[in-house]
Amino acid sequence: MTNALILGAGMVGSVMAADLALDPDFSVTIADINQDNLSRAATRCGGKVATLHADLSNPDVVGNAASKFDIVLGALSSRIGFAALKAVIGAGKNYCDISFMAEDFLELSALARSKGVTAVTDCGVAPGMSNILAAHGARSLDRCERIEIYVGGLPRERRWPYDYKAAFSPADVIEEYTRPARLVEHGQTVVREALSEAVLMDFAGVGTLEAFNTDGLRSLIETVGKRFNVPFMKEQTLRYPGHIELMRRFRETGLFSQTPIRVGGVSVRPLDVTSALLFPKWTYGPGEEDLTVMRITAAGTKGGRATVLSWELLDFFDRASGCTSMSRTTALPCTIVARLIASGKFNSPGVHAPEVLADHPGLVDTILSELGRRGITYRRSQTTT
């Protein structure tokens with residue numbers, strides 16, 4: 001029996017717990033500081049998981065909790081993801097994580113190796129599956145010349161005034177609109193402003209969406225871009241048309257600023273006020289349905305012919321479980337990879353980006369098969385000219 005600890009009992013962490021709780025080889029505990037989150041997670045899992053009330057923003061608490069388990073899964077916000085990763089490694093425990101941390105998690109790889117810890121970070125949908133399939137595509141071509149990733153989580157029904165709902169951490173959503181985006185052009189890493197270079201694109205089953213630059217390539221720049229000498233790489237986020245211009249206006253006004261200002265004699269951060277006002281309107285209510293749309297393409301040559309490999313995902317809110325699509329498509333790659341680590345099928349001490357899994361024969365097929373078994377299907381296509 002593998003004893004697993006899940007850090008974070010929000011929408012994603014609770015889905016992780018529910019998935020692992022179905023596995024007779026796992027005993028699952030989920031931790032959070034929010035007792036309501038813990039209660040909802042326990043209900044979602046049919047009482048098959050234990051709960052732990054803990055302040056996961058405290059690395060000492062995380063390390064102490066992790067030390068009592070065989071493997072740990074992380075579903076924390078980016079703000080505390082790096083500290084939690086370091087604490088789990090310090091406790092000598094294997095880890096699989098979906099936190100969108102700003103720090104370079106590979107800096108902790110030497111520490112992980114010294115502890116004999118295998119850790120996979122960014123192991124959600126994007127980053128996560130986008131990395132794995134981009135790397136798999138680059139490996140499948142004789143020469144990869146371009147990688148493009150487009151991804152978005154959206155409400156299935158557009159509603160005024162924002163035509164948007166957020167299926168994950170408020171801070172992480174707004175960071176997509178402020179963190180500079182790294183792309184690869186002509187073999188060089190370049191930096192573009194977030195929300196820049198907007199384009200309209202059509203997606204079957206969804207319609208026309210707008211795409212804009214976000215900092216989603218992350219580790220792919222080094223692990224795939226430089227390794228396979230890919231001259232052009234980009235990742236863009238998808239929203240319903242009109243969202244980009246509105247967010248640009250918010251940002252230009254200073255509503256996303258973290259620098260305190262004084263209002264009526266009180267010091268406040270504009271970002272805190274904006275979050276407090278936006279997120280009640282951006283939060284999914286009971287029964288509100290979402291969708292996840294993603295396209296990953298790797299273009300180049302194979303056998304002397306121009307070839308494009310593509311994977312497309314269109315996933316919807318799961319009515320049977322009441323789980324959002326974004327929570328499922330993010331959580332389930334993490335639980336599947338955690339099983340690979342726990343079983344020893346992926347055993348490589350160090351901290352790894354998810355694309356490393358594409359180097360191991362059969363693991364990509366295993367992950368895709370396990371996702372398909374859970375109702376999440378990536379449709380592959382290939383065109384050759």
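In this predicted model, a network of salt bridges links Asp-19, Asp-23, Arg-339, Glu-370, Arg-373 and Arg-374. The count of salt bridges comes to 28.

| Arg-158 and Asp-163 | 3.0 Å | Arg-158, 41% | Asp-163, 22% |

**Helix H9**

The buried residues of H9 are His-243, Ile-244, Met-247 and Phe-250. Viewed down the helix axis, these residues fall within an arc of 125° and therefore line one face of H9. The elements that cover them include strand S11 (207–213), strand S12 (232–239) and helix H10 (270–282). Arg-249, Glu-252 and Thr-253 are exposed on the other side of the helix. Just after H9 comes Gly-254, with a positive phi of about 100°.

**Helix H3**

Helix H3 (residues 59–66) has Val-62, Gly-63, Ala-65 and Ala-66 buried. Their arc around the axis is only 165°, so they sit on the same side of H3. Strand S1 (2–7), strand S3 (50–53), strand S4 (71–74) and helix H4 (78–90) are among the elements covering these buried residues. At the N-terminal end, H3 is capped by Asn-58, which has a side-chain oxygen 2.9 Å from the backbone nitrogen of Asp-60.

**Nonpolar cores**

The largest nonpolar core has 70 residues, of which Met-16, Ile-147, Ile-367 and Tyr-378 touch the most other members. Helix H11 (residues 325–342) supplies the largest share of this core, with nine residues. Another core, of 27 residues, lies apart from it; Leu-7, Phe-69, Val-72 and Ala-84 are among its members.

What does Ile-367 contact, leaving aside its neighbours within four places in sequence? The residues in contact with Ile-367 are Met-129, Ile-132, Ile-336, Val-337, Leu-340 and Leu-357.

**Cysteines**

How many disulfides does the model contain? The count comes to zero. For Cys-123, the nearest cysteine sulfur is that of Cys-96, 3.9 Å away. Cys-123 is buried, and its relative accessible area is 0%. Cys-323 is likewise in no disulfide; the nearest cysteine sulfur belongs to Cys-45 and is 9.0 Å away. Cys-323 is buried too, with a relative accessible area of 7%.

**Backbone features in loops**

Ala-126 and Pro-127 are joined by a cis peptide bond with omega about 5°. Pro-127 is placed in the loop between strand S6 (118–120) and helix H6 (129–140). The peptide bond from Trp-160 to Pro-161 is cis, with omega near 10°. Pro-161 lies in the loop between strand S7 (143–155) and helix H7 (170–175).

Positive phi angles also occur at residues other than glycine. Glu-197 is not a glycine, yet has a positive phi of about 55°. The loop that holds Glu-197 runs between strand S9 (188–192) and strand S10 (199–203). Arg-218, not a glycine either, has a positive phi of about 50°. The loop of Arg-218 is the one between S11 and helix H8 (220–226). Are these two residues buried or exposed, or in between? Glu-197 counts as partly exposed at 38% relative accessibility, whereas Arg-218 counts as buried at 8%.

Technical notes
Residues numbered from 1 in each chain as written. Predicted model: local features only at pLDDT ≥ 70, side-chain atom pairs only at ≥ 80, totals over all residues. Heavy atoms only, no water. Core = buried A, V, L, I, M, F, W, Y, C linked by side-chain atoms within 4.5 Å. Buried < 20%, exposed > 50% of the residue type's maximum accessible area, 1.4 Å probe, protein only. Helix = DSSP H or I, 4+ residues; strand = E, 2+ residues; numbered from the N terminus. Contact = heavy atoms within 4.5 Å. Disulfide = S-S within 2.5 Å. Salt bridge = Lys/Arg side-chain N within 4 Å of Asp/Glu carboxyl O. Arc of directions from axis to C-beta. Polar contact = N/O pair within 3.5 Å; in protein donor to acceptor, adjacent residues only side chain to side chain.
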